Amino acid sequence: MTTLKSKLQEDLTAAIRGRDELRSSTLRLTLTAITKEEVSGKTARELSDDEVQKVITREAKKRREAAEAFAQGGRAEQAAKEKAEGEILAEYLPKQLSEDELQAIVAQAVEEAKAAGAEGPRAMGQVMKIVNPKVAGLAEGGRVAALVKKLLAG
């Protein structure tokens, strides 16, 4: 068993013993998503820590999007619950890049792309190819894309 998955299971056991309903339900759902990912496809397999992290990232994104949808729908209580679940999942993810750190990485990638002859909005694909490996798991794709567009436009 991977170390991240076993940590999730240990934390689930501790949450159940501590009667922490929110944490235990969030970890249960996440472990279910991991198990579902392991058995999908033609053969069952054990996920690596990186793959488990991708599942957790996907689950955290679902919580964020659900919280926004509930907030827009006027259901503040449900939005707060989703946001709290997202914060629990964030504990298992690497720290996200700050705005300044991300800006520096993207600016460097834009310069590399311009040096290679790509300019303007059409260079977006080339810049994203340079940036994505550097920020994988450390910054959300939408955030990166918006910053790349901004720097290419201006």
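Visitor: Which residues of the largest nonpolar core touch the most other members?
Guide: Leu102, Val127, Val131, Val135, Val144 and Val148 do, out of 18 residues in that core. A nonpolar core here is a set of buried Ala, Val, Leu, Ile, Met, Phe, Trp, Tyr and Cys residues joined through side-chain atoms within 4.5 Å. Buried means under 20% relative accessible area, with exposed over 50% and partly exposed in between (1.4 Å probe, protein chains only).

Visitor: Which elements give two or more residues to this core?
Guide: Helix H5 (99–115), H6 and H7 do, and H5 gives the most, with 6 residues. Helices are DSSP runs of H or I, at least four residues, and strands are runs of E, at least two, numbered from the N terminus.

Visitor: Is this experimental or predicted, and how are things counted?
Guide: It is a predicted model, where local features need pLDDT of at least 70, side-chain atom pairs count only at pLDDT 80 or more, and totals for chains, interfaces and linings use all residues. Residues are numbered from 1 along each chain as its sequence is written, and side-chain values use heavy atoms, with hydrogens and water left out.

Visitor: Back to Val148. What is it in contact with, sequence neighbours aside?
Guide: Leaving aside neighbours within four places in sequence, Val148 is in contact with Val106, Met124, Val127 and Met128. Contact means heavy atoms within 4.5 Å. Apart from the core already described lies another core, of 16 residues, including Leu8, Ala33, Leu47 and Val55.

Visitor: Switching to Thr30. Why does it count as buried?
Guide: Thr30 counts as buried because its relative accessibility is 0%. Thr30 lies in helix H2 and touches Leu8, Ile56 and Leu89, not counting residues up to four places away in sequence.

Visitor: How many Å separate the C-alpha atoms of Thr30 and Val127?
Guide: They are separated by 33 Å, and the two residues are 97 apart along the chain.

Visitor: And H2 itself, which of its residues are buried?
Guide: Arg23, Ser24, Thr26, Leu27, Thr30, Leu31, Ala33, Ile34 and Glu38. Their cover includes helix H1 (3–17), helix H3 (49–72) and helix H4 (76–90). Just after H2, Gly41 takes a positive phi of about 95°.

Visitor: Which residues of H4 are buried?
Guide: Ala79, Glu82, Glu85, Gly86, Ile88 and Leu89, and what covers them includes H2 and H3.

Visitor: New topic. What volume does the largest pocket have?
Guide: About 720 Å³. On a 1 Å grid over the protein atoms alone, a pocket is an open set of points where a 1.4 Å probe fits, with protein on both sides within 12 Å along at least five of seven lines, and lining residues have an atom within 4 Å of a point. Points are joined across faces, edges and corners, and the volume is the space filled by probe spheres set on them.

Visitor: Which helix supplies the largest share of the lining?
Guide: H3, with 10 residues.
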